[in-house]
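Open the model in your viewer and keep the selection panel at hand. Each stop names something to select and then says what is there.

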Amino acid sequence: ASFSQNLIPIVCLDIGGTLTKLTFATKKGFILNCETIEELKIITENEDYEIHFTSHPNSLDVLIQKLEQIGFIDDGKSNIQNFYITGGGSFKYYDQIQNYGNIIRINEFDALKFGFKLLDSIKYKNTYFTFNNDIENLQLTASIYPFILVNIGSGVSILKFDNEDQFARISGTSLGGGMFLGLSHLFTGINDFDELLRMTKQGSNAATDLLMNEVHLGFQSPSRNKNEKHVAVSMGKLKQNPNINQSDIVKSLLYMTTYNISQIAFLHSKLHNIERVFFSGHFIRNHEETLQCINEAFSYFSKLDQQNRHPYFIKHDGFIGSLGSFWNGIQ
Ligand code: ADP
């Protein structure tokens, strides 16, 4: 079956180093054959759209299977006119995907820019939040600009957005989600990201990391915040203590990754004098342990500098690039 003209879906793909993010927009009246992870309703001047988000590890077969399940590809015949496609991995699948529709490529940083423009323009009420043991939604009434964006994917990009059109990649680090996944796999043999994150809930880094209060015995500096959990030496106890349980190691790796990124993020926020720092990317995927670690780390470095800054998170955090491709598609 092919769709009537007014129900043709808008399909956006953000193919990263690890994951393919599939975002598609359907108009009111479209009956969906599959479940998606999240949905967002967007009302533009002319249309009401429902946007659906789903992601999977990069694989052309899985992608085609998903498009078939949804009903966008039927018996090898595609109902998709255009694929809006972004992300560093998009070149790899270009030839095969174009068998199913025209490809319109969008630079990945432009896609992020358009994504934020869209989020800012719809003022969707529960988009931004802070996290300290629990989610607290931010009710933003004014514009979100200027801000710093720390996008944690396989690697980490740090971008500065001055306004909705002006942005620059100002920094980054290779110690991101890919490193966390790689080292966790090396230590535990486990590949499944969500299982690793579940393990961090039971794990404690006290047996693996050398903590501040163990190094500076009895020494209390007002700026050190006296928080015993803060790490002086990541993996500093592994040598004395080789039989450590796997959950503890993964917890340590989560601390190591998030503290390092948060410190770099805070320094850039200070350097550029921009208070608002958003964290996004599929490494976060709204896992509570990750949100909590980033909050603790960022707040800690901020307090050391006699400031009181907290990180901000974004509900559709891994999908801003593909949302931006969609926005570009309907403009
Ligand atoms: P990229 O675009 O660079 O691939 P993403 O934003 O897709 O980046 O994030 C990739 C990272 O997300 C991985 O390195 C890993 O830390 C994390 N991640 C979250 N969920 C998964 C998953 N299901 N499978 C693999 N990695 C995942």
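**Stop one: Asn286**

Select Asn286. Asn286 is partly exposed, because 16 other C-beta atoms lie within 10 Å, and the partly exposed class sits between 12 or fewer for exposed and 20 or more for buried. Keep in mind that this is a predicted model. Asn286 belongs to the loop between strand S16 (277-280) and helix H8 (288-304). Now check its backbone: phi is near 55°, a positive value in a residue other than glycine. Most residues other than glycine have a negative phi.

**Stop two: Asp75**

Go to Asp75, in the loop between strand S5 (73-74) and strand S6 (77-78). Its phi is positive too, about 55°, although Asp75 is not a glycine. Is Asp75 buried or exposed? Asp75 is exposed, because it has 6 other C-beta atoms within 10 Å and the exposed class takes 12 or fewer.

**Stop three: a cis peptide bond**

Select Tyr145 and Pro146. The peptide bond joining them is cis, with omega about -10°. Most peptide bonds are trans. Pro146 is located in the loop between strand S10 (135-137) and strand S11 (147-152).

**Stop four: the whole chain**

Zoom out and colour by secondary structure. The protein chain contains nine helices and 17 strands. It has 331 residues, and 38% of them count as buried. Take the contacts with a separation of 6 or more: 66% of them link residues 24 or more positions apart.

**Stop five: two domains**

Colour the domains next. The assignment gives domain 1 (5-109 + 319-330) and domain 2 (177-314). How many residues of each domain are in contact with the other? Five residues of domain 1 touch four residues of domain 2. On the domain 1 side, two of these residues are nonpolar, three are polar and none is charged.

**Stop six: around the ligand**

Centre on the ligand. There are 18 residues around it, and Gly16, Gly153, Ser154, Gly177 and His282 come nearest. By class, the shell holds six nonpolar, eleven polar and one charged residues. Which element gives the largest share of this shell? Helix H4 (residues 177-188) does, with four residues. Keep the domain colours on here: domain 1 and domain 2 each supply at least three residues of the shell.

**Stop seven: H5 against H7**

Select helix H5 (residues 193-202) and helix H7 (residues 246-271). Their axes come within 8 Å and cross at roughly 100°. H5 is therefore roughly perpendicular to H7, since that class covers 65 to 115 degrees. Show side chains at the contact. H5 brings Leu196, Met199, Thr200 and Gln202, while H7 brings Gln246, Ser247, Val250, Lys251 and Leu254. Sorted by class, this contact has four nonpolar, four polar and one charged residues.

**Last stop: Gly101**

Finish at Gly101, in the loop between helix H2 (94-97) and strand S8 (102-105). Select its contacts beyond four places in sequence: Ser78, Ile80, Gln81, Asn82 and Phe83. Then draw a distance from Gly101 to Thr257. They are 156 residues apart along the chain, and their C-alpha atoms are separated by 39 Å.

Methods
Residues numbered from 1 in each chain as written. Predicted model: local features only at pLDDT ≥ 70, side-chain atom pairs only at ≥ 80, totals over all residues. Axes fitted to C-alpha atoms, helices over the stretch in contact; angles between N-to-C directions. Helix = DSSP H or I, 4+ residues; strand = E, 2+ residues; numbered from the N terminus. Parallel < 35°, antiparallel > 145°, perpendicular 65-115°, else oblique. Contact = placed C-beta atoms within 7 Å. Nonpolar A, V, L, I, M, F, W, Y, C, P; charged D, E, K, R; others polar. Near = placed C-beta within 6 Å. Domains from an automatic or database assignment.
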